[in-house]
Amino acid sequence: MQKKINITIMALAVTFTLLLAGYAWYTHKPQTSNLKPQISNLNQLLAHRHATIDSALNVRRHFRSEMAYYLRTHLSDDDEYALIARRNRENDSIINCLLSERQTVSINPFRKSAPVVRDLTIIAMGGYWNLKGWHHGMPPQQRGLLFDEDGAYEGKVDELFWPVGLGTFRGYDGSIYEGEWVDGRRHGNGYQLTPGKNIQVGAWLANVYKGERLKFTEERIYGIDISRHQHDIEGHYYPINWKTLRITSLGVHNDKNVVGGKTDYPISFIYIKATEGTTITNSYYSTDYKQARAHRFRTGAYHFYSTTSPAAEQARHFLATAIFSHGDLPPVLDIEPSDEKVTAMGGKEKLLDEVRIWLEVVEQTVGVRPILYVNQHIINTYFDTAPDLLRDYPVWMARYSEYMPNVKLDFWQLSMTGIVTGITKRVDIDVFNGYREQWQTFINTQTIP
């Protein structure tokens, strides 16, 4: 039986070698056939070659945009920074080659790129093949290429020929994963680029993407959001000691990701609830706003959206209550209705229409684009048909987890159980998606004029 298997593998290796040789001959054989095609055929050929190159360029430009977003919001000592920076340089080189190829095709549509043959090692069960032929057993250093119906893996394999350790998978759909593997599955830290989708960076568990674990240090920009609930606790009033505000816990999920093990961070910004619907006002808003400004905290106001009243009226109620001073953070629309409430108001499209109305009314009055506060369920359920909202407006997202949401966002509300000295009750903890340089850019370009 083993002998039959070995003969089959050798036959496949020989077949592969012949196919490679045949392809090399075909791509370089003299073009002795008709060299004067009809103009219509020439135009079709040009159009096809241009379309193929343009499609590849679109994918690579998307990858460049995704990697630029990651590199812009991270520092060089973050886990996957070096890998992504290297991949970004390679991607730029590929874009330049494609642009050059497109120009060449326009001049000579019959030119075919010469194949590049590297000293590759192709692994198959029981052995491996390289340019020297077929070999039994494990290849040197246990590295090589594996193929399946989805794409090709290049990297280390274990004794059972499963991907293990660090490796790269290139899918036939254009996707690229580079990172850690266990038993043939993505498992550990890595990143994935997929045409038309957000870059995925961070932790993988048995082929499932979990998200990015941020490293929490003093270099990050932290904030809190408060309402009357930080004052009214079980029928008693508790003031805020503004002079002592400092974060001493990021909540149950994230203290374990604190570099150095101790949470003790200054607060850089504070959002305060101003209004809800068309009738509810936070009675502590004005006092808290003035105190926050007096103690030199960057301050902003948010409105809690209600599904039971017109968005334009809610916007006017918010604008009549909130205070907007030069340098304040953009206003926020807090959107977190239940599915039942969305159904009762008329469904998804009605919700999105009302959200747009509120945003437009407030932006026209205040002069800056408001921020959308959402959670993962709201995005997945209602914003899947409104990608422009997530693209055109800043996003503040709630996800109470050790993993950051895989959404392009400006703020992440990572916990509702944070501890802040000077505030009696547990507090929502927020982190800005970036560092000092990005924070200063946000302040310079998106705060109240």
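The model is predicted: local features need pLDDT of at least 70, side-chain atom pairs count only at pLDDT 80 or more, and totals for chains, interfaces and linings use all residues. Residues are numbered from 1 along each chain as its sequence is written, and side-chain values use heavy atoms, with hydrogens and water left out.

**Exercise 1.** Determine whether Val 157 is buried or exposed.

Solution. Step 1: locate Val 157 in strand β5, residues 151–157 (strands are DSSP runs of E, at least two residues, and helices are runs of H or I, at least four, numbered from the N terminus). Step 2: apply the cut-offs, namely buried under 20% relative accessible area, exposed over 50% and partly exposed in between, with a 1.4 Å probe and protein chains only. Step 3: Val 157 has a relative accessible area of 0%, and therefore it is buried.

**Exercise 2.** State which residues Thr 281 touches, not counting residues up to four places away in sequence.

Solution. Step 2: classify Thr 281 as partly exposed, because its relative accessibility is 40%. Step 3: list its contacts (heavy atoms within 4.5 Å), which are Ala 274, Thr 275, His 317 and Thr 321. Step 4: among the buried residues of helix α5 (311–321) is His 317, and the buried residues of α5 pack against β16, as well as β15, β17 and α7.

**Exercise 3.** Describe the accessibility of Asp 150.

Solution. Step 1: find Asp 150 in the loop between β4 (143–147) and β5. Step 2: its relative accessible area is 46%, so Asp 150 is partly exposed.
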